[in-house]
Amino acid sequence: MARSKSSDVWLKEHFNDPYVQKAKLEGWRSRAVYKLQEIDDKDSLFKPGMCVVDLGAAPGGWSQWTTHKVGNKGEVFALDILPVEPFAGVTFIQGDFREDEVYDGLLSALAGRDVDVVMSDMAPNMSGNKGVDIPRAMYLVELCIELADQVLKPNGDLLMKVFQGEGYDQLLKTLRSKYQKVITRKPDSSRARSKEIYLLARGKKA
């Protein structure tokens, strides 16, 4: 099947992307690692020995960075609908986070551990229709918040990819009621045309 013109443009942009080339050179699994690295450098997210949940983990760049920061005594639990090639320090669960069985499987794997950071780079497959895409993205965000309510320890942090649109102001209000501080980040490695931003909710209230 012939590729569409838009997919040809995306492929050209992807392979010419300096962050893609840099990730390949440095041995990271994806360019997305640089988004997390920049946020971590600014906000000191991770410390040795932490327990971290990584949602929307494939192909594993964020988990890779996190294992590097939490060290041998830390733990990372990663989840994605796509397969992720396993590596040391990560417990991987494959499945759709929107399904109860998969969500409960993650809770079972955590086995009551106190989680220090819940992070999500999840996004729905974008159709280009805001009326469809924004509610789908917001639903994933709501699931992340629900998980953090259950597993994140007091003073823990929640980092999520979000897309501004309908429901965004209410989302900020919800996070501010649950966390001590909410910070907006747009990493340099996030493509300029992308509407994604990252919300970092710090210090879960007891």
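**Figure 1. Salt bridges in the predicted model.** In this predicted model, the count of salt bridges comes to 11. One of them joins the side chains of Glu196 and Lys35, with an N to O distance of 2.8 Å. This pair links distant parts of the chain, since Glu196 belongs to strand E7 (residues 196–204) and Lys35 to helix H3 (residues 33–43), 161 residues apart. Glu196 has a relative accessibility of 5% and therefore counts as buried. Lys35, at 8% relative accessibility, also counts as buried.

Figure 2. The side chains of Lys69 and Asp40 meet in a salt bridge of 2.8 Å, N to O. Lys69 is placed in helix H4 (residues 61–70) and Asp40 in helix H3, so that distant parts of the chain, 29 residues apart, are linked by the pair. The two partners are shown with their accessibility: Lys69 counts as partly exposed at 26% relative accessibility, whereas Asp40 counts as buried at 3%.

Figure 3. Lys161 and Asp121 form a salt bridge in which the closest N and O atoms are 3.4 Å apart. Lys161 and Asp121 are both buried. Through salt bridges with shared partners, Lys35, Asp121, Lys161 and Glu196 are joined into one network.

Figure 4. The buried residues of H5 include Val102, Tyr103, Leu106 and Leu110. These residues lie on the same side of H5, because the arc they cover around the axis is only 105°. On the face turned away from this buried side, H5 carries the exposed residues Asp100, Glu101 and Ser108.

**Figure 5. A negative surface patch.** Helix H5 (residues 100–110) gives the most to the negative patch, contributing 3 residues. Glu99 is located in the loop between strand E3 (90–94) and H5. With a relative accessible area of 42%, Glu99 is partly exposed.

**Figure 6. Tyr139 in helix H6.** Tyr139 has its place in helix H6 (residues 130–151). The relative accessible area of Tyr139 is 38%, so this residue is partly exposed. From C-alpha to C-alpha, Tyr139 and Ala123 are 9.9 Å apart in space, and 16 residues separate them in sequence.

**Figure 7. Overview of the protein chain.** The protein chain contains 7 helices and 7 strands. Starting at the N terminus, the order of these elements is α-α-α-β-α-β-β-α-β-α-β-α-β-β. The protein chain has 206 residues, of which 50% count as buried.

Key:
Residues are numbered from 1 along each chain as its sequence is written. This is a predicted model: local features need pLDDT of at least 70, side-chain atom pairs count only at pLDDT 80 or more; totals for chains, interfaces and linings use all residues. Side-chain values use heavy atoms; hydrogens and water are left out. Helices (H or I, at least four residues) and strands (E, at least two) are DSSP runs, numbered from the N terminus. Buried means under 20% relative accessible area, exposed over 50%, partly exposed in between (1.4 Å probe, protein chains only). A salt bridge is a side-chain nitrogen of Lys or Arg within 4 Å of a carboxyl oxygen of Asp or Glu. The arc is that of the directions from the helix axis to the C-beta atoms.
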